[in-house]
Amino acid sequence: MADPRQDRNAASARPLFRMSTWNEAKFVTEALRTETVGGVLLLLGAALALIWANTPWVDAYQQVRHFVPWPGGQALLHLDLDLAHWAGDGLLAIFFFVVGLELKREFVAGDLRNPRQAALPIVAAVGGMAVPAVIFALINMGDRAALQGWAVPTATDIAFALAVLAVIGSHLPLGLRAFLLTLAVVDDLLAITIIALFYTDDFQILFLLGSLLPIAVFALLVQRGKTWWWALIPLAVTAWTLMHASGVHATIAGVLLGFTVPVAARAGAEHGMAEHLEHVWRPVSAGFAVPVFAFFAAGVSLRGTDVGTIATDPIVVGIVAGLVLGKVIGILGSSFLMARFTRAELDEELSWTDLFGVSLLAGIGFTVSLLIGELAFGAGTDRDSAAKVAVVAASVIAATLAAIVLSRRNTVYRRLHERATHDADADGIPDIYQTTPQQQERNS
């Protein structure tokens, strides 16, 4: 006789990497589409920088990077920055504002609001950051200055990862893509915390407190449903300026502003303000801010450099090993343990090979890794250049390995994609999301 407890466990177990509702699937699909386009632009920006920095015209590239638009009199607020710093401190604030909106939505209305659903990506993200950091620290043990870069291999670049999927034509199931997106969002939250706690110099409490006032006014306006750009943008710029002057990395202001935006839709509105602002600003972030940052950050010149010396540099080895090996060990290992602990099972027709490929994709740590490298070692220093070489090399290695692993499963992915998009009654909702009355009610 069958054990009724086993039947109940089987019935209650939620398969891993399955999209729960059509509304969630639509939102994830739109977000991923924008990030994919942005990832292609990021690759172009980084490639242009690398090519230019390794030509006889490298001095022109450096002159552009170090051009200071507003020199002299603005030193009080530390705004006499060159273009490279404006890209890292200024434009990336837009990127982190979108991250703040994503985080708010995920915790209020997305998968992270449900502890059972949130557990896997959170644990995977923590494992995927802890193991690379430990690997880097072990390799650089004894060099206190090098250990400042322990956080460089902890980040995941979702735009770059999705661009790789677009290039190889992978039909990776939406559930796995959503897992990668959610993991990257949690990863960004942890990276923001690391930046705020470990990479803050010359802290000025008065400026930090001053930055909270425009953030509070911004919050008051958005909570009341006001979308006055002529008020919100100056408030955001003021908050950014004061945060930058405080010594805390100015991108933190973007995250805090994103956290203030309400997620729930107001009466009579189809979408909440967080979703609306994310729809407006995500293309700016993915299509402009991040590619421009990549252009200014990725231009490392290897002319006249001993490649063998770079390849054996402990900083380079630690970052490459952390991103390529550490991410896989951390994400795949913690996910496997979570599945065993919760007795969850993979969705049908998926295998642990698929998660192995996704874990390799998470080893692409471009944007935030480059930013942390600059904060850890100082922009333009020899160690920063070594870190950039390592991040680029690790990202290319991880992307290549992920492409090989995932391409071998494309036949299965195409079949799953056809099933997930089949809409026999042509009502705009794929049949897979209407298999039960309960799902139809949630999708309505």
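This is a short tour of the structure, stop by stop, with something to select at each one.

Before you start, note that this is a predicted model, in which local features need pLDDT of at least 70 and side-chain atom pairs count only at pLDDT 80 or more, while totals for chains, interfaces and linings use all residues. Residues are numbered from 1 along each chain as its sequence is written, and side-chain values use heavy atoms, with hydrogens and water left out.

**Stop 1: a salt-bridge network**

Select Glu-102, Glu-278 and Arg-282, which are linked in a network of salt bridges. A salt bridge here is a side-chain nitrogen of Lys or Arg within 4 Å of a carboxyl oxygen of Asp or Glu. Side chains of opposite charge can pair when their charged atoms come close. Arg-282 meets Glu-102 at 2.6 Å, N to O. Arg-282 lies in helix α11 (residues 273-297) and Glu-102 in helix α4, so this pair ties together parts that are 180 residues apart in sequence. Helices are DSSP runs of H or I with at least four residues, strands are runs of E with at least two, and both are numbered from the N terminus.

Glu-278 and Arg-282 both sit in α11, four residues apart, about one turn of the helix. Buried means under 20% relative accessible area, exposed means over 50%, and partly exposed is in between (1.4 Å probe, protein chains only).

**Stop 2: a pair within α16**

A search of the whole structure finds seven salt bridges. For another of them, select Lys-388 and Asp-384, whose closest N and O atoms are 3.5 Å apart. Lys-388 and Asp-384 are four residues apart in helix α16, about one helical turn. Lys-388 is buried at 7% relative accessible area, and Asp-384 is buried at 1%.

**Stop 3**

Move on to Arg-409, in the loop between α16 (382-407) and α17 (410-421). Arg-409 is buried, with a relative accessible area of 19%. The Arg-409 side chain makes a polar contact with the side chain of Asp-354 at 2.8 Å. (A polar contact is a pair of N or O atoms within 3.5 Å; within protein, one must be able to donate a hydrogen and the other to accept it, and residues adjacent in sequence count only if both atoms are side-chain atoms.)

**Stop 4: a covered helix**

Colour α10 (residues 251-260), where eight of the ten residues are buried. Among them are Ile-252, Val-255 and Leu-257. Which helices do the buried residues of α10 pack against? They pack against α4 (83-108), α7 (174-198), α8 and α9 (229-246), with contact meaning heavy atoms within 4.5 Å.

**Stop 5: Pro-121**

Pro-121 is in helix α5 (residues 115-139) and is buried at 6% relative accessibility. Leaving aside neighbours within four places in sequence, Pro-121 is in contact with Leu-112, Phe-179, Thr-182 and Leu-183. Also select Ile-331, which is 210 residues from Pro-121 in sequence and 8.8 Å away in space, C-alpha to C-alpha.
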